[in-house]
Amino acid sequence: MAYFLWETHMKDKKDVWQGTLALMVLKTLDVMGPLHGYGIARRIEQISGDQLAVNQGTLYPVLLKLEQEGSIASEWGASENNRRARYYRLTRSGRKQLEAEARSWLETTAIIERFFEAKAENLR
Amino acid sequence: MKALRRMFMRVLGALTAGRREARLREEVEEHLALLTEEKIRAGMTPEEARRAAVLKFGPVESIKEEYREQRGLPWAETLWQDVRYAARTLRRDAGFTMVAVAIIAIGIGANTAIFSVLNTLVLRPLPFFAADRLVWIENDFPNNRQHGLSGITSRVDIYWEWQRLNQSFEQLEAYNAFFNRGSYSLAGDGEPERVVGVEVSRNLFPMLGVVPRLGRQFSEEESRLGGPRAALISHALWERRFSSDPAAVGRTVSLNDQAVTIVGVMPREFDFGSVFSPGTRVDLFTPLLLDEVKNWGNTLAVLGRLKPGLRIEAAQSEFQALHGPIAEKYPQMSKWFGARLEPLHDSVSGRLQMALMLLAGAVGAVLLIVCVNMGNLLLVRGEARRKEIAVRTAIGASRWRIARQLMTESLLLAAGGAIIGLMLAVAATRGLARLQGVNLPLLREVGVDGAVLTFTVLVTIASGLLFGLAPALAVSQADVHESLKEAARGMSEGLRRARVRSVLVVSQVALACVLVAAAGLLIRSFMRVLDVDLGFRAEHLAALRVDPSTRYESSEKRVALIEELVRRVRTVPGIETVSVTDALPLDRNRSWTLGAKGQEYPNGRPGAFVRFVMPGYFQAMGIPLRAGRDFSESDRKDSPAIILNETGARTLWPGESAIGRIASIRGRDEFHVVGVVGDVRHSGPEEQAGVEMYLPLLAGGDGTQSVDLVMRTKLDPQALASSVRTVLRPVDANLPVAEFKQLESLVDRAVSPRRTIVWLLGAFAMIALMLACVGIYGVVSYTVSRRAQEFGIRMALGASGRDVRLDVFRRTLWLAVAGVALGTAAGLLVTGFMGSLLYGVQARDPLTFAAAPAVLVAVALLAGYLPARRAARIDPISALRME
């Protein structure tokens, strides 16, 4: 569900950030296939055009939460320089979650957009 | 679903915390390494790159912390941490911990034990089927209580009418309430033995839902006059006499020289005596032959089970309405019967409710004192730990966190105390359940069960929170800077904290004062009860039950046998006087109506206890002869002689001499009053003597069926038993003479409920006193050590040791007096509710209310003595140097 938008609007910013980040993580893994934490962070940074000045470390609590929820799974693998790294991949339920949240995200943004476009005279 | 899964993973995470921690560390390390390499590729030096990477990654520790919080169950983990830390701290301070646990164990143990009793007697239903619908139906007519057991039991024909007419009850059953009379001699294998049997109606046990463990219930035939003789035996008798042999069922034994078949063994848990006649052992049951007892007057204890959904009030009014039709049928009985219905549960434990409430209040107060005491101890301990706590606050622990830590410690202490307290309670209730000859109902059932355990857990948590509150609050209000400064410099302590502790001590003294006063009142009542002149002298008096009824059909033969027995016992050395009665005081009672000849009694004739006695009975018992003469050897068959007690003489012929007057018993005018004797309290020390009449046993009749030989001796009565048995054996080898009782033990049993309560309350008061003592000592002693410097300075400036000692004493006295004043006021209020438990003492007995405060002040000064002496011995120089 789109809990990060509607249900948590009263919570503090951290939760909103976590929710947004979670969606980004899911989408990244969907597009890129299995990645380790550093890879996910890099990718998010690239796509968001470095606009998100992320503390990359904040990714890890989000990864843990997604893993606990069963949206992603992880296993050890070799990194680019042949050291041990933890690789995350999307699970089936993660994919479903991604689709649902993407849809509700689009709906939400569409509504918000219409709101912003609406002019006072149009509402009369 | 997702939340559930996440919860599960969290629990898992909490359990595998170590492995997860390692994984996180490795992931972070690798992430940083990759990030560093990226920066190096961008042209930074390795050092710069590492720095930039760490900056980019963010605050590692706080991220890890966040990660951990999400990984497991943070509250469970910190709780576990707190518990471990608390256990460590407590272990380090073993002395304090032991004292604390011991104090709590006493409080919780006492509460658990009393709650088990309360649970059994008041809260739990009786151990019968549909116990809430069981009703006790007592006979009811004006002044019926004066008639003893005869006044509350019912006639068979009335019982039959009730059975026939009532619509309220599913079943109406009965047993013969005079079952001590139905004592049997059991012969067969081994020594003949006296056993106590109760005659029960056929469906009494089925109604109660009690099923024999072996064998069967009574059959229809067996419950009819002239049918086959049957008996159900108790589990205890089965074990004792038949070595738990299943083949005992079906065996034929000799019961009062009649062949009786044992048809079953009752279950172990079924204890008839403990419910219906506390303090009495019941060995066997025989069918109640209603056709046999129907002419014996009031004999039946009636109980029934209400139809489902029916209220007892409805049944009560139905029985009131039934009085008319039944009285029409039995006009001569109309004034002598009625019905008072009461839930069986109330009739069993009702009269104890007040005492139980008092005891519950008392243990509650003890627990409160324990909590106050613990609160105080923890406060003192908190003072000593202020530096530690200040340091923890300074490095970032929140107040809430520290308060929680202290609460955890309190709860841990409470739990420790509860475990030991529970063991104490189990031991205490076991002991209580095994008490013999104590006249309290359901005692055997008392024990620790699920309800009791729940109670203990709740009480433990509540008291842990309660006594942990004060120190936790103190911490949350403490000022870090001040704490660090004060702790370092050993200044006199803050006034406010000292005041809190004083208030705690004062309330403790007050509570103890209330308890001591209440216990004092009960002890004085008990002493008054023991001092009551029973009308006879129980010391050195022994009694032996003999029943000639079965083998000797004619009453002449029975009289001859009794006379022979008396002649023989008289030859035993050490015996001063021997006589015979058919009913010992405090043992059996039954009553007949009695009146003066020619006198009309519009409200019914008075009931009088009847005793058949041999000449010399009054002398043997130590009952004073007030006027006239004792019975003589010539008061035999058809003798019209009767002896009354003083109350009887006064009731029948007020203001006149009774000697030579003619009395009528049960409507027959033929009895000449030959003597008047002192009153005897036949129903118990706390019951006024009623009207009593004595008839000559040598005249034969009713009184010769089963009698007690009473023997006054200079020796220990128990030592006589064997020689008496030896001289009696030649008369009749099968005469059961096992039951050799001392009259003192009868008195003992009569006062046993009161004694038990006095013991318990006395013990609680002692505990309260001790705890108050510890509390005062703790506070005064602590004050002295805090003020050591001040005392040092004062002594250096010329104060003597005596001045300092007096100063400490004065403070102690002030605390004690404040507590005592409060306690006395509260005590006066509380004891007002004790009225029904007191005997011969006013609720506001001045002696008690002078003694209780005095005792407490004395104890307080005693507790203050050691610290005061220590204060006086402070060496000014070392005190000033002490930094």
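This is a predicted model: local features need pLDDT of at least 70, side-chain atom pairs count only at pLDDT 80 or more; totals for chains, interfaces and linings use all residues.
Colleague: Which strands lie at the edges of the open sheet in chain A?
Modeller: The open sheet has three strands, paired in the antiparallel sense, in the order E1-E3-E2 of chain A. An edge strand pairs on one side only. The edge strands are therefore the ones that pair in this way, given that two strands pair if DSSP finds at least two bridges between them, and they are E1 (35-36) and E2 (72-78) of chain A.

Colleague: Which residue of E3(A) stands opposite Gly77(A)?
Modeller: E2(A) and E3(A), the latter made of residues 84-90, pair in the antiparallel sense over seven bridges. In general, strands of a sheet pair through backbone hydrogen bonds, either parallel or antiparallel. Within this pair of strands, the residue of E3(A) that stands opposite Gly77(A) is Ala85(A).

Colleague: Which helix gives the largest share of the side of chain B that touches chain A?
Modeller: The contact takes 18 residues from chain A and 22 residues from chain B. On the side of chain B, the elements that give two or more residues are the helices H1 (2-15), H2 (17-41), H3 (46-57) and H4 (60-71) of chain B. The largest share, eight residues, comes from H2(B).

Colleague: How many charged residues are on the side of chain B that touches chain A?
Modeller: Sorted by class, the side of chain B that touches chain A has eight nonpolar residues and three polar ones. The remaining class on this side is that of the charged residues, and their number is eleven.

Colleague: Why do the buried residues of H3(B) lie on the same side of the helix?
Modeller: H3(B) has twelve residues and reaches 16 Å from its first C-alpha to its last, close to the 16 Å expected at 1.5 Å a residue. In this helix, Ala53(B), Lys56(B) and Phe57(B) are buried. They lie on the same side of H3(B) because the arc that they cover around the axis is only 95 degrees.

Colleague: Is Ala130(B) buried, exposed or partly exposed?
Modeller: Ala130(B) is found in the loop between H6 (94-123) and E1 (134-138) of chain B, and its phi is positive, about 45 degrees, although it is not a glycine. Because it has 14 C-beta neighbours inside 10 Å, Ala130(B) counts as partly exposed.

Colleague: Is Ser243(B) buried or exposed?
Modeller: Ser243(B) lies in the loop between H10 (235-242) and E7 (252-255) of chain B, and its phi, near 45 degrees, is a positive value in a residue other than glycine. Since 8 other C-beta atoms lie within 10 Å, Ser243(B) is exposed.

Colleague: Is Asp283(B) buried or exposed?
Modeller: Asp283(B) is found in the loop between H11 (272-276) and E9 (284-287) of chain B. Leaving aside its neighbours within four places in sequence, Asp283(B) is in contact with residues including Val195(B), Gly197(B) and Leu237(B). Because it has 23 C-beta neighbours inside 10 Å, Asp283(B) counts as buried.

Colleague: Which residue of E21(B) stands opposite Thr577(B)?
Modeller: E13(B), residues 575-581, is mostly covered, as five of its seven residues are buried. E13(B) and E21(B), the latter made of residues 707-713, pair in the antiparallel sense over six bridges. The residue of E21(B) that stands opposite Thr577(B) is Arg712(B).

Definitions and conventions:
Residues are numbered from 1 along each chain as its sequence is written. Chains are lettered from A and ligands numbered from 1 in the order in which they are written. Two residues are in contact if their C-beta atoms, placed from the backbone, lie within 7 Å. Helices (H or I, at least four residues) and strands (E, at least two) are DSSP runs, numbered from the N terminus. Ala, Val, Leu, Ile, Met, Phe, Trp, Tyr, Cys and Pro count as nonpolar, Asp, Glu, Lys and Arg as charged, and the others, Gly among them, as polar. The expected span of a helix is 1.5 Å times one less than its number of residues. A residue is buried if 20 or more other C-beta atoms lie within 10 Å of its own, exposed if 12 or fewer, and partly exposed in between; C-beta atoms are placed from the backbone. The arc is that of the directions from the helix axis to the C-beta atoms.
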